[in-house]
Amino acid sequence: MNEAPPLVTRRSALQQATCGFGSVALAGLMQQSGLAAASNPLLPKQPHFVPRAKSVIFLFMRGGPSQVDSFDYKPELTKRHEENLGGGRRYYQSPWEFTQYGQCGLPVSSLFPHTGRYADDLCVINSMHTDIGNHPQAIVQMLTGSFQFVRPSVGSWTVYGLGTENQNLPGFLSINSDFSAGGARKYGCAFLPSATAGTAINSWGGGDSKIIPPALKDFEIPHTKNKTYTRMEQREQLDLLQSLNRNRLAQDGANPALEGIIHSYETAFRMQADLPDVLNVDQEPERVLKRYGINEDPTDDFGRACLTARRAVEAGVRYVQLNIGFWDQHTKIEEGHPALAAKSDLPVAGLIADLKERGLFDDTLIVWTGEFGRPPIYNKNNGRDHNAEGFTAWLAGGGAKGGLRYGLTDELGYKSVEKKVHLHDLHATMLHILGLDHERLTYRYGGRDFRLTDVHGKVVHDLLA
Amino acid sequence: MLSAGAWANEGVEFFESRIRPVLAAKCYNCHSTKATKVKGDYLLDTRDGIRKGGVSKRDAVIPGDVEGSQLIEAIRYRNEELQMPPKGKLSAAEISAFEQWIAMGAPDPRDGVSRLPREIAAENHWAWKRPKPSELPRVKNAKWPKDAIDNHVLARLESEGMYPNRDADRRTLIRRATLELTGLPPSVKAVAEFLGDPDPTRKAFGRVVDRLLADQGFGVRWGRHWLDVARYGESSGYSRNMLYPYAWRYRNWVIDSFNDDKPYDQFVREQIAGDLLPSNSYEEKEKQILGTAFLTVGAKTFNEGQRLLFDLNCADDQIDVTCRAFLALTANCARCHDHKYDPIPTRDYYAMTGIFMSSRNLAGSETNVRDEHAEAYPLGPEGFGILEKIKEAKAKADKEQAFYMDLVKKRNELRDPLVKKGIDWKKNPTPELKEAEAKVQAQQAVVKETKGAIPGPPNYAMAVVEGLDAKEFEAFEAFLKTEKEEIAEMKKAKKRPKNPTPERPPIKDSPLFDKGLHDSPKDLVPRGALSLFGYRSQTIGTNESGRLQLAEWITDERNPMTARVYVNRVWHHLFGRGLVETVDNFGVLGSQPSHPELLDQLALDFMKQGWSTKKLVRRIMLSRTYMQSSAHCEEFAAKDPDAALRWRFAPQLLEGEAIRDSVLFVSGRLDPVHMTTSQVEEISKQQALGRQREIGRRDYYMKDVTWDVKHRSVYLPMTRGVIPDMLAIFDAADPNLVVGARKLTIVPTQALYLANSAMVIGESKHAAKRVMAAPAEDRIDAAYELAYARLANETERATLQKFVNSAGANEKTWSRICQTLICSGEFRTIY
């Protein structure tokens, strides 16, 4: 800010401004004066190059779904079925049958029949791998890039890089997250501006799988509803406030912070009207609710999460992280996995269908992944343990090549062996799809430039449409 | 290869005639000290440089080894990614000359060490040099300055053709000072007193400042500033978020240190080596040792299974916080490689690692993997002795209990036959039974007494103490071995084994870990402080961790950083911007001081005045620079929008804590209590099983914690990942990071909080009651005085009167007005 800012112009603009003063106009003024970054980091920014998608819906399968029971079909495993490995451990074929779907013939297990219908839209990565096979670290690494240090989450980096398109809504929502395994770090901004942090919807406090997260139905974001005064009264009060603020601004001569505050109230007033509206999925037509399995058991909760995500993205939210779990079946995987698949499969398929119908599919990147996978082995409790060396993720929507099955695990589905994709590569590719170069998206903190992928990450161009 | 003599003649001649001309013509442009930009960190203009290579870390010229030399690979142009010179391949004759030259043993007369321009710049960096006293700068407007600070500021302004602002009025001054020193607005009474003071403003203001510095609120607010830097948090954060039940004692230690005006050098020493400082009583020792929690209150990855990696990460956190907080250095960049910009070699990093790895972290946090952190420091006259005492007393009580059980058994043997026969044994005992019963009775009293003699559990603190010396370690290892065997036996017998005694670190040097990888240890590095200031830390004995020497080294008057960094922090808190803007980084990548001589002078005077924070604060606040108005000036704002040159007092935003506390102050409901506990300790006490003290585990923490309390914000639970909503919304410092300067944002969620939260609406109702206590015609002024410490101007009065007229002069209307004032920009701005 070395040039003289057009103080008089901006001030008089504000003085003339009535309540309906458009945020876009003000945003424009603030950007011109170079004040934008200081006061509102959420204003839209230019990406590094032409993006293939504008927003992200990250479907996070907490706990690590088993790849050989979902999207990584391994016939060889059937041959080695029940081969004893000692200690009650043995190779174990998937108890679920695989069917080939779509023109691409993608094999999908009977746990995910609805997702299977969109096989030709899925870009399945069978060769994922990560650094550590321990939930808390692996979860935090999948969502922030680092398990060792406190770093901004992927969503925060995205919002930092691109801003957000609807100033009346947060740029980043995290739905059904929990306090364990890193807590708010999973959608936190670390050293990035705090406005880039995820707004938690229905976060809950159980790291223990026995605790059932509260239902998303009837949830409301704190402080978006005034329970004391009517909307009319609030408007009057806001008018009073802004007139006092403007009066003070006139006395100050120039005060960018105060201008920012004035602006923030106008936005907040609209946000409190718009945000509950975005979250209120019940106003959707019956046909749409049905598509997500809303008001039906057991799909209601994740269905609501998915539909909220679609509504948010449609309204201009940049990044939505959905959480469902806990896919951690060390015991009786044949009970646990079907239960979670039943909760999430239909809603995910509904989301794809809905995005397509509304013309949003090509602008939205969907990512489906756990923090790691599971081995092709049953333990003595008929469950599968942890596996960081191979797992499956899939992409769909903007920028992702549909009908692709990329990379390989070994013939038993244990370790990623061919065209390996590390989670840093996944992050680099996600940013690339959004028009951001993961090596250029940096933030100076504590004397050095940080990035999401640290010194790692390669964009996997083969995954791009 | 050539013989030594021939080398000198023939070889050098070959170099001079065939090699040097090519280097000069084709390479020096990018690869010499004179290059405008050195490429790939490779310098060819000395023997040392041409051989050692650049960023690729490969030897570029290996005498005698043509194929192994990377330089040859580059000039041959066979590797597509490495072709030099980039503008065109050398001629075949030239390439062959280089091959021949290397085969000869690469004779090269060019002595000297090859240093990159950036390395040279780093060595000359201003911050490594000791502060110099300077003459009082001469100014044109000689009447303006009241303190040397003002001379420095004014001289700079005049050199830019600028001049300072007018003095601020008394209302502005007292509000500014009260908010900055205590985090609360001034009371109506305090304002009236100051306004009525007949003395000149500066003198009267001096009294205000003295009163505020003596207020307990000073420690609350300035303690919180330090807690930001110390990355204070009440849980381990990261992946397994375990509570730190005793962290609050460090919080209070910090608050008390500011209120007691503990000399800053002592404040530093206690945080690094409080357990090792001389003391005259256990109370004094305790006060000092509480400071060491600074080292262990950081985030920890408690479920890291590899002990060495876990310990290295802890040490990394300790090096980071020590160097950033006291020295504004990013030393932990040197964990994996020599610091890229500052002269901090990896060896220095591991010299410090050894110091911290030789210390025991008593975090007092139960964990599932790292049990040594469950230990805490027992408070009280006996220190660790009390634990022994409890153990002995318990053993004694157990013994007496066992003896009692024996006696009971013997008695029963005598009693039961009588009972069988239906004889009332109490009335008609046999003589033996009578005697046995008497023994039982007597022993029962003994049991009661010995049980009663078990000392109660002590209070605990978080702390860091020395690791074990060689002798202690040997004994401890032997003990662990027998314990391991015991545990194995118990397991074999399918008995539930006791928790193993936590491992305790021995005092020893750390190896240098290549590239920071814990599985690549290299040579041991002797423990010590950094080397970049030209003086070293004192010798560290074999039985000492070295923390004491580190503390002495940091607070040594020869240390160019310690005083500078601190006076800059104080300046930052008073003006909202440091003389060095990057308060946590004075390294090469940090910003330059806006007034270098002033910074030096303040640092020197600060040390001379006994490192007193209060004296420093007072001095700055009574400077004319500080007492300026914040009035805007179009012309100067255009030149210097952030008032880095201090042509005005730039308005600042209040932090979340101060906003919350101010709201409670205005409503009259602020609880002034100095909390000597924390909800975190209370909650963790309720947990029968320490291992369940994990946030999120079984939901208990969130269920038990109460946010709706009325005391100062600094006492609210600050667990990592779960900090009070309101503070998070207003940009509280992330307890995972060293935060010397908060980045305050303005976002709609803050507006939503102030407009809609039950807290603000509720407190506004209470504020309204206070306003309505005034006569109707004075209420507007009463509200303004309460919220802003000023009276309303005509426009404001008219606006509010109109609102009252239309909404009705009732409590609801006044609640809405009070809330509006709280929501306003002015309420959260320091002018």
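Biologist: In which hand does α30(B) cross α33(B), left or right?
Modeller: Keep in mind that this is a predicted model. In it, α30(B) makes a right-handed crossing with α33(B).

Biologist: At what angle do the axes of those two helices cross?
Modeller: Roughly 115°, with the axes of α30 (residues 758-772) and α33 (residues 811-823) of chain B coming within 7 Å. Angles of 65 to 115 degrees count as roughly perpendicular, so that is the term for α30(B) and α33(B).

Biologist: Which residues of α30(B) and α33(B) meet there?
Modeller: From α30(B) they include Val760(B), Ile761(B), Ala768(B) and Met772(B). Among those on the α33(B) side are Trp814(B), Cys818(B) and Ile822(B). The residues of this contact split into nine nonpolar, three polar and two charged.

Biologist: OK, switching to the two chains. How many residues of chain B are in contact with chain A?
Modeller: 58 residues of chain B, and they touch 62 residues of chain A.

Biologist: Which helix of chain B gives the most to that side?
Modeller: That's α29(B), with seven residues. Helices α24 (634-639), α29 (748-756), α32 and α33 of chain B each supply at least two. By type, the chain B side has 23 nonpolar, 22 polar and 13 charged residues.

Biologist: You mentioned α32. How does α8 of chain A pack with α32 of chain B?
Modeller: At an angle of about 175°, with the axes of α8 (residues 231-252, chain A) and α32 (residues 794-807, chain B) 10 Å apart. That makes the two helices, α8(A) and α32(B), roughly antiparallel.

Biologist: And what meets what between α8(A) and α32(B)?
Modeller: Leu240(A), Ser243(A), Leu244(A) and Asn247(A) meet Thr795(B), Glu796(B), Thr799(B) and Phe803(B).

Biologist: What about strands in chain A: in what order do β2, β3 and β11 sit in their sheet?
Modeller: The order is β2-β3-β11 in an open, antiparallel sheet of three strands. β2 (84-86) and β11 (377-378) of chain A are at the edges with a single partner strand each, so one side of each has no neighbour in the sheet.

Biologist: How many bridges join β2(A) and β3(A)?
Modeller: Two, in the antiparallel sense, with β3 covering residues 89-91 of chain A. Gly86(A) stands opposite Arg89(A) of β3(A).

Biologist: Last one: how is chain B divided into domains?
Modeller: Domain 1 is 4-115, domain 2 is 385-457, domain 3 is 476-500 and domain 4 is 660-830. The centres of domain 1 and domain 3 of chain B are 63 Å apart.

Note on methods. Residues numbered from 1 in each chain as written. Chains lettered and ligands numbered in written order. Predicted model: local features only at pLDDT ≥ 70, side-chain atom pairs only at ≥ 80, totals over all residues. Domains from an automatic or database assignment. Pairing = 2+ DSSP bridges. Helix = DSSP H or I, 4+ residues; strand = E, 2+ residues; numbered from the N terminus. Axes fitted to C-alpha atoms, helices over the stretch in contact; angles between N-to-C directions. Parallel < 35°, antiparallel > 145°, perpendicular 65-115°, else oblique. Left-handed = near helix turned anticlockwise from the far one by under 90°. Contact = placed C-beta atoms within 7 Å. Nonpolar A, V, L, I, M, F, W, Y, C, P; charged D, E, K, R; others polar.
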